[in-house]
Amino acid sequence: MAGGVRSWLRKLASTVSRFMQPSPVHSATSKTKISQTNVKATDAQIYTLVGRRTYLRLDLDVLDNNLAIVRRQCSPHTDIIAVLKANAYGHGSVEIARYLASRGIGHFAVATPEEGAQLRQAGIQGHILVLGNAVEEEILALVEYRLTPTVAELIFLQDWSRAISKSKHTRKRHQVVLKIDTGMSRNGCQPHDFPNLIQYCLENNLNIHSVMTHFPQGWDNPDITRHQFNTFMSLTEPYRRLGVRLHVATSSANVHGLGTNLEFIRQGANLFGLPRDASFAEQVRSLGLRPVLSWRARPNLIKQLAQGRSVGYGNDYITLGTETIATFGLGLADGYDLLLSGKGVVTLQKDGLQFPVVGRVSLDAITVRLDEPRPLSTTYNIITGDFTSPNSVAQMSAVLGMECVHVVTRLTVRLPRVFVSGTRVEAVSH
């Protein structure tokens, strides 16, 4: 049986070898694309496919649902910039970008030129914006991979202009985004510097993709956010007649309908069904958005331990009686937080029955107290795909005292990512 599986996997790999080369930019990750096979999205087949008893499950049907909702929230002429920084918030940027491109998305945003180059090397052809504040050291990669920098300083525009003049692409194929700091006080030019920046672009025939700003309290302070929006619109109004395109709405502003009638909206968390934290989970759920990601696992070992046995490092947990302890082969190195030691919960996949994480979370293992011995083939949810379970991203964020995006962006490339649609596995990334 095992030999047959290995033979099947070798045949599958040979037919899709062009998708299996490690990225020179992100060599820690390799990508495998599976197209129209008989691989069903059952846990048993997936564990065998990925060669491990744990995996992240990315539901492309849920992503499609979220995308449709986001589209309905904005005007018909507004394009979506899909924000895929931090490996698409831990979801797997290459396969997510491929899927979104197949659904008509032509604009993407990342945080670094390295992230953009990875998408280019995977064959993504759309516009790729690099957020933040572009600096001189990034110019070579920006030009080579035709990435769109976000600019706040005249000196960068001058260096950029010289660099693209020597590029293999025409100047018109290189674009810039100008960012105005309306109150975040991080990246972006000061409002009084914006006229000089845009004037330099116009006088030197630099192709302006768009002008943007960013809101620090888009979720919970509509008054401050509205003031920033009005400041931004006043600054950019003189250039609208020249065809300059604008965007301000991120996932938070989009929920409140602010800036959704401009040329672009930037969407990351909403696409993946991520509220800011547990306090906003109901608001996001009421819109129809749902989490794309869940994390499943089987135990590697189950033991019956007598009373008084210590479990894990540091003697942090001592059995109170005869207890059933399951060891799962996942831990800190996969992104399961140390602070969940003695606080985390896993649930049965079939009925949601809850079991506590006991002992200290270690680099490669967690230990869970079960109610009784159960088959090793039983699947448990490490993270559920909802908003209310104690091991949902939203509720875990509350336990950990962080935002939802911080929970999922910690999920490392060591975890296999399996992309499913309906009953089929569409792609695997690991």
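The following legends describe close-up views of a predicted model of one protein chain.

**View 1. Confidence along the predicted chain.** The mean pLDDT of the protein chain is 89, and 70 or more is reached by 89% of its residues. Over residues 1–30, however, pLDDT stays under 50, although the model has 36 contacts beyond four places in sequence for this stretch. Where pLDDT is low, the predicted coordinates should not be read in detail.

**View 2. The largest nonpolar core and a second, separate one.** The largest nonpolar core has 112 residues, and those with the most contacts inside it are L84, L100, L178, Y336 and I366. Helix α3, which spans residues 60–73, gives this core its largest share, six residues.

**View 3. The surroundings of Y336.** Leaving aside residues up to four places away in sequence, Y336 touches W295, L330, G331, G344, V345, V357, V361, I366, I382 and M396. Both Y336 and I366 are among the residues with the most contacts inside the largest nonpolar core.

**View 4. Two residues of the loop between β17 and β18.** S362 lies in the loop between β17 and β18, and L363 is found in this loop too, with β17 covering 354–358 and β18 covering 366–370. S362 counts as buried because its relative accessible area is 13%, under the 20% cut-off, whereas L363 counts as exposed because its relative accessibility is 51%, over the 50% cut-off. Apart from residues up to four places away in sequence, S362 touches Y313, G331 and L332.

**View 5. A nonpolar patch on the surface.** L363 forms this patch together with L332 and L338, and the accessible area of these residues together is about 260 Å².

Methods:
Residues are numbered from 1 along each chain as its sequence is written. This is a predicted model: local features need pLDDT of at least 70, side-chain atom pairs count only at pLDDT 80 or more; totals for chains, interfaces and linings use all residues. Side-chain values use heavy atoms; hydrogens and water are left out. pLDDT is the predictor's confidence in each residue, from 0 to 100. Contact means heavy atoms within 4.5 Å. Patches are made of residues with over 30% relative accessible area and no salt bridge: like charges are joined within 9 Å, nonpolar side chains (Val, Leu, Ile, Met, Phe, Trp, Tyr) within 5 Å. Accessible areas come from the Shrake-Rupley method with a 1.4 Å probe; for residues, only the protein chains shown count as cover. A salt bridge is a side-chain nitrogen of Lys or Arg within 4 Å of a carboxyl oxygen of Asp or Glu. Helices (H or I, at least four residues) and strands (E, at least two) are DSSP runs, numbered from the N terminus. Buried means under 20% relative accessible area, exposed over 50%, partly exposed in between (1.4 Å probe, protein chains only). A nonpolar core is a set of buried Ala, Val, Leu, Ile, Met, Phe, Trp, Tyr and Cys residues joined through side-chain atoms within 4.5 Å.
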